[in-house]
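Work through the exercises below with the model open beside you. Try each task before reading its solution.

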Amino acid sequence: MNCDIGNDIEMLNYCGYSYAMENASEDVKAAAKFVCPSNEEDGVLVTLEKLFGSI
């Protein structure tokens, strides 16, 4: 388990657009408004390309 999970959840609840990785803990994904693909699937890049177009 990630040692800063509590900080992650607090931040995700605070943000207007919050994303969790697909392979995050269930608590983190529940706190996020959106879930992007896992880090093994380049989830950050995939999500940024969806939001801003091809990088």
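This is a predicted model: local features need pLDDT of at least 70, side-chain atom pairs count only at pLDDT 80 or more; totals for chains, interfaces and linings use all residues.

Residues are numbered from 1 along each chain as its sequence is written, and side-chain values use heavy atoms, with hydrogens and water left out.

**Exercise 1. The overall layout**

Task: State how many helices and strands the protein has, and give their pattern along the sequence.

Solution: 
- Find the elements as DSSP runs: helices are H or I with at least four residues, strands are E with at least two, and numbering starts at the N terminus.
- The count comes to 3 helices and 2 strands.
- Along the sequence they read α-β-α-β-α.
- Of the 55 residues, 24% count as buried.

**Exercise 2. The nonpolar patch**

Task: Find which residues make the nonpolar surface patch, and which helix gives the largest share.

Solution: 
- Apply the patch rule: residues need over 30% relative accessible area and no salt bridge, and nonpolar side chains (Val, Leu, Ile, Met, Phe, Trp, Tyr) are joined within 5 Å, like charges within 9 Å.
- A salt bridge is a side-chain nitrogen of Lys or Arg within 4 Å of a carboxyl oxygen of Asp or Glu.
- Areas use the Shrake-Rupley method with a 1.4 Å probe, and for residues only the protein chains shown count as cover.
- Tyr17, Tyr19, Phe34, Val44, Leu48, Leu51 and Phe52 make the patch, of about 750 Å².
- Helix α3 (residues 43-52) brings the largest share, 4 residues.
- Check one member: Leu51 lies in helix α3. It is partly exposed because its relative accessibility is 48%.

**Exercise 3. The negative patch and Asp42**

Task: List the residues of the negative patch, then describe Asp42.

Solution: 
- Place each charge at NZ of Lys, CZ of Arg, CG of Asp or CD of Glu.
- Glu40, Glu41, Asp42 and Glu49 gather in the patch.
- Asp42 sits in the loop between β2 (34-36) and α3.
- Its relative accessible area is 49%, so Asp42 is partly exposed.
- Its phi is near 55°, a positive value in a residue other than glycine.

**Exercise 4. The cysteines**

Solution: 
- A disulfide is a covalent bond between the sulfur atoms of two cysteines.

Technical notes: Buried means under 20% relative accessible area, exposed over 50%, partly exposed in between (1.4 Å probe, protein chains only). Lys and Arg count as positive and Asp and Glu as negative; His and the chain ends are not counted.
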